[in-house]
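Subject: Structure for you to look at

Hello,

The structure is pasted below, followed by notes on what was found in it.

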Amino acid sequence: MSFLEQYNYWIVIFLMMSGFYIVIAHGNLIKKLMGLTIFQTSVFILYISISKVIGGTAPILDDRYTIYSNPLPHVLILTAIVVGVATTALGLALAVRIKEAYGTVEEDVIQEKDLQQEGSAE
Amino acid sequence: MAFLAITALSLAFTKDLFASVMLTGIYSLLSAAFFVLMDAVDVAFTEAAVGAGISTILMVTTLTMTGRYENRKLHHPVIALSVVVVTGVMLVIGTMDMPAFGSDMAPAQVHVGPYYIMQSGEDIDIPNVVTSVLASYRGFDTFGEVVVVFTAVIGVLALLEFSRKDNQVGERPAPMFQHKILRIVSKILIPPIMLFALYVQFHGEYGPGGGFQAGVIFASSIILYAMLFGIEQTRKAVSMPVVKILAALGVLIYGSVGIVSMLNGGNYLNYSVLAENDITGQHVGIIIIELGVGITVATAMILIFLTFARRIGKTNSNSSTKEGTA
């Protein structure tokens, strides 16, 4: 029984870690942003899992039900999703500008170009 | 849940960025389904509209500018993997102290949650508790979030719109215009989508929905139009200065409701003083601020998409000239 009780949290951790892995291991900036999105969604899932009450229903009041899930995490996550897409858009905009300035969105190539520039300046 | 894990895993290993974008779309849709199972209908609604719709489109738009394939090489994959595994194991050990899933005795369930469920019926008298918490009890937070969305839009505009030196972007034929079936079906679909957005907007008190979801849905109908008829055509139909002013106006509406309630002798964003009756005041306040949220979110999404899409022509021509000179 104890395995099933923690199952949701474990999946959350797995998702979070795969997002984390994408962020550190991949050099492509767009891919890093996707990793961040995965990470973000895993946090959403964690909150929503916490708000669930077994036997409860969606928090829309009705005389037929007495047990509801906790509405507070729902509110927090709902707004977080919209804010998340807005900030991701900002990140993508930065990536586009980097592409225009350097001609690439690969991290190591960008670093190489920076070093070259410093070398030529000296 | 297992599906989510599989999608995330394949995302970590695919090299084709276009495929990864599609995988993030699938991932969002799956998590939306999960949110429904967890009784979070409002959240599922938002995730389906935002994650599977808008953010996928934005990613694809960016990819057309930055190239489809990523570098084969990974940064020290072994070190990264070991860091990830160690962190993961530590977190799993942490979950041993977590309350059992779905327990009604968990700390999260015993503080303000029950209060909202018990009292919001009397205080505010609308069935959707999520809306009353969002707009009334925690109106401050929501205001902050609307401001964040607005700020992000300003950032995107500053990065992509104002730095453009030449305003002359050649009119390119809309990519989807040749497909007759797509064009006709979408033409039929766009008005119902807009109508649905309005329904979601004004029905948020009774069912799942509200300003955030309505804004995103409304924006997606405009984006559909833009994909079919081209960006320049959309800019003619939807005047950019007006959209920009509307985005600011949404925030202004929200903020001024707070000021008006202060002038009427209440606290900031305390709607009870807006009308003679407490409950009517709450209703008025919630409807007005949801309208503000809806306007800001919709215009924000439209602005972000149009700015990105407009950038495509310029970036590609730029990078090709750079390669030519190099």
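Which residues have the most contacts inside the largest nonpolar core? They are Val149(B), Val153(B), Ala300(B), Met301(B), Ile304(B) and Phe305(B), in a core of 115 residues. A nonpolar core here is a set of buried Ala, Val, Leu, Ile, Met, Phe, Trp, Tyr and Cys residues joined through C-beta atoms within 7 Å; buried means that 20 or more other C-beta atoms lie within 10 Å of the residue's own, with C-beta atoms placed from the backbone. Helix α13 (residues 278-325) of chain B supplies the largest share of this core, 15 residues; helices are DSSP runs of H or I with at least four residues, numbered from the N terminus. Domain 1 (1-98) and domain 2 (128-326) of chain B both contribute residues, so the core lies between them.

This is a predicted model, in which local features need pLDDT of at least 70 and side-chain atom pairs count only at pLDDT 80 or more, while totals for chains, interfaces and linings use all residues. Residues are numbered from 1 along each chain as its sequence is written, and chains are lettered from A and ligands numbered from 1 in the order in which they are written.

Beyond its neighbours within four places in sequence, Val153(B) is in contact (C-beta atoms within 7 Å) with residues including Ala86(A), Ala247(B) and Ala300(B).

Between the chains, the contact takes 86 residues from chain B and 70 residues from chain A. On the chain B side, helix α3 (residues 41-66) gives the most, with 14 residues.

Within chain B, 14 residues of domain 1 are in contact with 19 residues of domain 2; the domain bounds come from an automatic or database domain assignment.

Regards

Notes:
A residue is buried if 20 or more other C-beta atoms lie within 10 Å of its own, exposed if 12 or fewer, and partly exposed in between; C-beta atoms are placed from the backbone. Helices (H or I, at least four residues) and strands (E, at least two) are DSSP runs, numbered from the N terminus. Two residues are in contact if their C-beta atoms, placed from the backbone, lie within 7 Å.
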